[in-house]
Amino acid sequence: MDKQTITIGLTGGIGSGKSTAAKFFEKAGIPIYYADQRAKDLMNNNPQLIKKIKNIFGEKAYQDGNLNRVWIAEKSFSNPETLQQLNQAAHPIVYKDYKQWISQQASPLVMKEAAILVESGSYKNCDEVIVVVADEKRRIERVSKRDRTTQEAIQQRMNNQLSDEERKKFATFIIENNEGIEQLEKQVSKIIVALRTKYHLT
């Protein structure tokens, strides 16, 4: 990796809007590594990871060769120990994939979007950490609309993640995402200006 490459971590709890924020950073020309999406891809295509997941969950983890995502989510989020096992199995393989991706980027700024950036320790490899936060009520509404799941299931997933207050301790920038898409984009633009100024990229 080029030593001049600045790595920005982007994280936030479920329903915070971190993926939407990531799209605005991407629109501004910053390459984004979507860690959660890549993890899902690798869980379906990486033989080493598939074997590890089957060792944790058994053969029911896959149906017709595809990850049984709903079943895995139910098992993981209802059992913190199982969730930790899954994260420990996936993290080294996703990290290797990320390092390979970053070596191919020419941009002086790159971004890694990940739900468990802090919990996994990945934030330690970032020069800056951006945390997206939002009111719990708004987060539940967003996820309920997006995933068509129950409030109880969403709350359970939230309980397995760090709180916004805990995440904020690791942040160099905080995005408050309660006011709609326009305000979100404005905050992203301000952060991009601040980053380009800080690292003399303007």
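Buried means under 20% relative accessible area, exposed means over 50%, and partly exposed lies in between. The model discussed here is predicted.

Q: Is Asn177 buried or exposed, and at what relative accessibility?
A: Asn177 sits in the loop between β7 (173-176) and α9. A residue counts as buried under 20%. Asn177 is therefore buried, at a relative accessibility of 5%.

Q: Which backbone oxygen does the side chain of Asn177 reach?
A: Setting aside neighbours within four places in sequence, Asn177 is in contact with several residues, including Gly17, Val132, Arg142 and Leu184. Ser16 is also among these contacts. At 2.7 Å, the side chain of Asn177 reaches the backbone oxygen of Ser16.

Q: At which residues does UniProt place the feature "binding site"?
A: The annotation comes from an unreviewed UniProt entry. The residues in the record are Gly15, Ser16, Gly17, Lys18, Ser19 and Thr20.

Q: Is Lys18 buried or exposed, and what is its relative accessible area?
A: Lys18 lies in helix α1 (residues 18-27). Leaving out neighbours within four places in sequence, its contacts include Leu10, Asp36, Glu113 and Val132. The cut-off for buried is under 20%. Lys18 is therefore buried, with a relative accessible area of 11%.

Q: Which residues does Thr20 touch, not counting residues up to four places away in sequence?
A: Thr20 has its place in helix α1. Thr20 counts as partly exposed because its relative accessibility is 33%. Residues up to four places away in sequence are not counted, and the residues touched by Thr20 are then Ile181 and Leu184.

Q: How far apart are the end C-alpha atoms of helix α5 (residues 80-102)?
A: Helix α5 has 23 residues, and at 1.5 Å a residue it should span 33 Å.

Q: Where in α5 does a kink of about 30° lie?
A: The kink comes shortly before a proline, Pro92. Its position in α5 is His91.

Q: Which residue caps the N-terminal end of α5?
A: The cap involves a side-chain oxygen that lies 3.0 Å from the backbone nitrogen of Glu81. The residue that supplies this oxygen is Asn79.

Q: What covers the buried residues of α5?
A: The buried residues of α5 include Leu83, Ala89, Ile93, Tyr98 and Trp101. Both strands and helices take part in the cover. The cover includes β1 (6-12), β2 (32-34), α2 (35-45), α3 (47-57), α4 (69-77) and β5 (109-113).

Q: Which residues does Leu49 touch, not counting residues up to four places away in sequence?
A: Leu49 is in helix α3. With a relative accessible area of 0%, Leu49 is buried. Apart from residues up to four places away in sequence, Leu49 touches Leu42, Met43, Ala89, Ala90 and Ile93.

Q: How far apart in space are Gln37 and Glu113, C-alpha to C-alpha?
A: Gln37 belongs to helix α2. Its relative accessible area is 42%, so Gln37 is partly exposed. Gln37 and Glu113 are 76 residues apart in sequence, and their C-alpha atoms are separated in space by 9.5 Å.

Q: What separation do the C-alpha atoms of Leu49 and Ser103 have?
A: Along the chain, Leu49 and Ser103 are 54 residues apart. The separation of their C-alpha atoms is 22 Å.

Q: What is phi of Asp64 near?
A: Asp64 lies in the loop between β3 (62-63) and β4 (66-67). Asp64 is exposed, with a relative accessible area of 79%. Phi is positive here in a residue other than glycine, and its value is near 55°.

Q: Is His200 buried or exposed, and what is its relative accessible area?
A: His200 is in the segment after α9 (181-198). Its phi is near 55°, a positive value in a residue other than glycine. Exposed means over 50%. His200 is therefore exposed, with a relative accessible area of 71%.

Q: What radius of gyration does the protein chain have?
A: The chain has nine helices and seven strands. For 202 residues, a compact globule would have a radius of gyration near 17 Å. The chain agrees with that figure, at 17 Å.

Definitions and conventions: Residues are numbered from 1 along each chain as its sequence is written. This is a predicted model: local features need pLDDT of at least 70, side-chain atom pairs count only at pLDDT 80 or more; totals for chains, interfaces and linings use all residues. Side-chain values use heavy atoms; hydrogens and water are left out. Helices (H or I, at least four residues) and strands (E, at least two) are DSSP runs, numbered from the N terminus. The expected span of a helix is 1.5 Å times one less than its number of residues. The bend at a residue is the angle between axes fitted to the seven residues ending there and the seven starting there. Buried means under 20% relative accessible area, exposed over 50%, partly exposed in between (1.4 Å probe, protein chains only). Contact means heavy atoms within 4.5 Å. A polar contact is a pair of N or O atoms within 3.5 Å; within protein, one must be able to donate a hydrogen and the other to accept it, and residues adjacent in sequence count only if both atoms are side-chain atoms. UniProt positions are given in the numbering used here, feature names are shortened, and annotations may be inferred rather than shown by experiment. The radius of gyration is taken over C-alpha atoms; the globule rule is 2.2 Å times the number of residues to the power 0.38.
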